[in-house]
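User: I am new to looking at protein structures, and I would like to learn how to read their features one at a time. Could you take me through this one slowly?

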Amino acid sequence: MVSYLRVSLSFIFSALLISPAVSQSCSSQTFSGDKSYPHCLALPNLKAFLHYSYDAANTTLAVVFSAPPSKPGGWIAWAINPKATGMAGSQALVASKDSKTGVASVTTLNIISYSSLVPGKLSFEVWDVKAEEEAAGTLRIFAKVKVPADLAANGKVNQVWQVGPGVSPNGRIQPHDFNTPNLNAVGSLDLSGATTGVFASGGGGAGNSRIHKRNIHGILNAVSWGILFPIGAMIARYMRIFESADPAWFYVHVSCQFSAYVIGVAGWATGLKLGSESKGIQFSSHRNIGIALFAIATLQMFAMLLRPRKDHKLRFFWNIYHHGGGYSILILGIINVFKGLSILNPEHTYKTAYIAVIATLGGITLLLEAVTWVIVLKRKSANSNHPPKP
């Protein structure tokens, strides 16, 4: 038995050693024909590699970029950003495989912004462009680039790389993930090759900072719009039915909603900060719902100051305004939390946990709704049996 286990473990270990995903390295990659590239970088994110050579005399950079797409049938991209360190403004080469012919090809993208991913001519010359598919679905991009004079004089260029899930029928690439490896797929490329094997990252700290802010943004807004506001609404609807809870229910309701508003404003401000630091990245529906939530919730805060007496002639209209705004916040808040979760793309545990919280609150709501109607009907029955004396 022990001998069998040893043989099995040895087989598994050997299989791992020869597995392409594990053994892939700069030295293990070969190219057809007489092509050779003296410099190679094992890029730190997305399992990507860059082989290159640079002719300083004519400022020509020859590159081979390889990476596995995030999903079968997906795309890979390598780019130079002449003026910044992120994807916006990059001059990109994007490789994908045609779903019908199975042939890999390269498209050039002048990425003005993240919302404008339309094929177009690059700001510098590029030629000898082609794409190949390796084993296990990995794609390669071959190209020669005329490095702009100012970048050549500096001896370094800002490179950006990325992988995505697929290409739509009209040729537009589908958005990539916004996980940490994707956000950190930027850096500086030393044209001389002096840092071959040593990668100079230009986005690790900034990327991690953005991830941290995004997580804070998500937590604040999930707690505020997605949990506390619904709880506050439940307090107002179901505590007030008990005569002994008046006026305590009102102060508990106001305290809960005001806390939710303060936390929500903090989350909203974090979102504005993220937007200002992520030029070109837009999640329009998520942003617009967030703005609407902030506006409606701010009006709700004014409702506390403008609340008329119960016997006031304007109380009926105030109730419509207050209840309508409250239910709008409930619906939009929960919708936007799910939109935010789809953007953050966290582990399924977080989404499952929020669904469990909402399901629990929904179950409690149904129970309290039933109890409320029972109490109301009993009171009506008692009042009808004992009419007030004249």
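This is a predicted model: local features need pLDDT of at least 70, side-chain atom pairs count only at pLDDT 80 or more; totals for chains, interfaces and linings use all residues.

User: Which residues of helix 7 are buried?

Analyst: The general idea is that an α-helix has 3.6 residues a turn, so residues three or four places apart point the same way. In helix 7 the buried residues are His286, Ile289, Gly290, Leu293, Ala297, Thr298, Gln300, Met301 and Ala303.

User: How do I describe the way helix 7 and helix 8 cross?

Analyst: Two packed helices are described by the angle between their axes and the distance between the axes. Here the axes of helix 7 and helix 8, the latter being residues 315-344, come within 9 Å and cross at roughly 150°. Because angles over 145 degrees count as roughly antiparallel, helix 7 is roughly antiparallel to helix 8. The crossing of helix 7 and helix 8 is also left-handed.

User: How many aromatic pairs are there?

Analyst: Rings count as a pair if their centres lie within 6.5 Å, and by this rule there are six aromatic pairs. One of them joins phenylalanine 250 and tyrosine 251, with 5.5 Å from centre to centre and 75° between the planes, and this pair is edge-to-face. Another edge-to-face pair is formed by phenylalanine 316 and phenylalanine 317, where the centres are 5.4 Å apart and the planes are at 80°.

User: Are the residues of those pairs buried or exposed?

Analyst: The cut-off for exposed is over 50% relative accessible area. Tyrosine 251 counts as exposed because its relative accessibility is 54%. Phenylalanine 316 is exposed as well, with a relative accessible area of 54%, and phenylalanine 317, at 53%, also counts as exposed.

User: What do ring pairs link into a cluster, and which charged end sits over the ring of phenylalanine 250?

Analyst: Ring pairs link Trp249, Phe250 and Tyr251 into a cluster. Over the ring of phenylalanine 250 sits the charged end of arginine 307, 4.2 Å from the ring centre. A second case of this kind is lysine 130, whose charged end sits over the ring of phenylalanine 142 at 5.2 Å from its centre.

User: What should I look for in the backbone itself?

Analyst: Two things to check are the peptide bond angle omega and the angle phi. The peptide bond from aspartate 246 to proline 247 is cis, with omega near 5°, and proline 247 is found in the loop between helix 5 (204-238) and helix 6 (248-277). As for phi, threonine 59 has a positive value near 50° although it is a residue other than glycine. Threonine 59 lies in the loop between strand 2 (49-55) and strand 3 (60-67), and it is buried, because its relative accessible area is 16%. Aspartate 128, which is not a glycine either, has a positive phi of about 50°, but its place is in strand 7, residues 126-133.

User: How far apart are tryptophan 127 and alanine 62 in sequence and in space?

Analyst: Tryptophan 127 and alanine 62 are 65 residues apart in sequence, while in space their C-alpha atoms are 9.5 Å apart. Tryptophan 127 lies in strand 7, and with a relative accessible area of 31% this tryptophan 127 is partly exposed.

Methods
Residues are numbered from 1 along each chain as its sequence is written. Side-chain values use heavy atoms; hydrogens and water are left out. Buried means under 20% relative accessible area, exposed over 50%, partly exposed in between (1.4 Å probe, protein chains only). Helices (H or I, at least four residues) and strands (E, at least two) are DSSP runs, numbered from the N terminus. Rings of Phe, Tyr and Trp (its six-membered ring) pair if their centres lie within 6.5 Å; planes under 30 degrees apart count as stacked, over 60 as edge-to-face and the rest as tilted. A charge sits over a ring if NZ of Lys or CZ of Arg is within 6 Å of the ring centre and within 35 degrees of the ring normal. Axes are lines fitted to C-alpha atoms, for helices over the stretch in contact, and angles run from 0 to 180 degrees between N-to-C directions. Angles under 35 degrees count as roughly parallel, over 145 as roughly antiparallel, 65 to 115 as roughly perpendicular and the rest as oblique. A crossing is left-handed if the near helix is turned anticlockwise from the far one by less than a right angle, and right-handed if clockwise.
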